[in-house]
Amino acid sequence: MQYTAKELEERAVLDAAARMCTAARTAPKTKGEDQLETCVLTGAEKDRLAAHMRELAEKLDYAFFTRDADNLDVSDCVVLLGVRERRRGLGEGCGYCHFAGCADCTEHGGLCAFDAIDIGIAAGSAAAAAADARVDSRVMFSVGRTAQDMGLLPEATLVLGIPVSIRGKSPFFDRKPKK
């Protein structure tokens, strides 16, 4: 049987995305509590995300969302990572959220700092898995913010996106700022 490069690359990019989700899942979590959500978008779902990024770019006056949507257009898939909000119950002794304690953080609509720590560690692990698979990727706030706006990970309060690409040259390198 003969396989084309395109067929093998399509298989490889989804395998890499699966490994990225696995790496994120098994990444260390604060207090050992797993609040992570993941998913992978391809095809029309990925294209809808890119289109909505362009809408948000205009609405929020964030030109970099358009640049990042261009990157998403030429990516083979996108991995979404999100964390469900959960206070860790450390109370006044913590203070990482800059509130008096968990109750104060909740009352003022704050975010538990451990959620941000957990998604950062998960994103780093996922990016490392992408590198190990020799696929190009880039962690993007813009993709996550748009996915959150679209309700793609409805339980998650923090979302990051990682487009994944197999090309002769990384689309995430030499990116020009949009004006």
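**Note on the predicted model: helices, cores and salt bridges**

1. Cys 102 is found in helix H4, residues 102–107; helices (H or I, at least four residues) and strands (E, at least two) are DSSP runs, numbered from the N terminus. The model is a predicted one, in which local features need pLDDT of at least 70 and side-chain atom pairs count only at pLDDT 80 or more, while totals for chains, interfaces and linings use all residues. Residues are numbered from 1 along each chain as its sequence is written, and side-chain values use heavy atoms, with hydrogens and water left out.

2. Which residues does Cys 102 touch, leaving aside those up to four places away in sequence? They are Arg 87, Gly 89, Leu 90 and Gly 91, where contact means heavy atoms within 4.5 Å.

3. The largest nonpolar core has 22 residues, and Met 20, Val 79, Leu 81 and Val 164 touch the most other members. The elements giving it two or more residues are helix H1 (5–26), strand S2 (77–84), helix H5 (113–132) and strand S4 (156–165). H1 gives the most, with seven residues. A core here is a set of buried Ala, Val, Leu, Ile, Met, Phe, Trp, Tyr and Cys residues joined through side-chain atoms within 4.5 Å. Buried means under 20% relative accessible area, exposed over 50%, and partly exposed in between (1.4 Å probe, protein chains only).

4. Val 79 touches Ala 17, Met 20, Cys 21, Cys 39, Val 40, Leu 160, Gly 161, Ile 162 and Val 164, not counting residues up to four places away in sequence. A second, separate core of 16 residues includes Cys 39, Ala 69, Val 78 and Leu 153.

5. S4 is mostly covered, with eight of its 10 residues buried. S2 and S4 run antiparallel and are joined by eight bridges; two strands pair if DSSP finds at least two bridges between them. Strand S3 (residues 136–137) also pairs with S4 in the antiparallel sense, over two bridges. Val 164 in S4 is the bridge partner of Cys 77 and of Ser 137.

6. The count of salt bridges comes to 15, each being a side-chain nitrogen of Lys or Arg within 4 Å of a carboxyl oxygen of Asp or Glu. One of them joins Asp 115 and Arg 88 at 2.8 Å, N to O. Asp 115 lies in helix H5 and Arg 88 in the loop between S2 and H4, so the pair ties together parts that are 27 residues apart in sequence. Asp 115 is buried at 0% relative accessible area, and Arg 88 is buried at 4%.

7. Asp 76 and Arg 167 also meet in a salt bridge, at 3.1 Å, N to O. Asp 76 lies in the loop between helix H3 (63–73) and S2, and Arg 167 in the segment after S4, so the pair ties together parts that are 91 residues apart in sequence. Here Asp 76 is partly exposed at 27% relative accessibility, as is Arg 167 at 40%.

8. Asp 68 forms a salt bridge with Arg 67, with the closest N and O atoms 3.0 Å apart. Asp 68 and Arg 67 are both buried. Arg 54, Asp 70 and Asp 73 are linked in a network of salt bridges.
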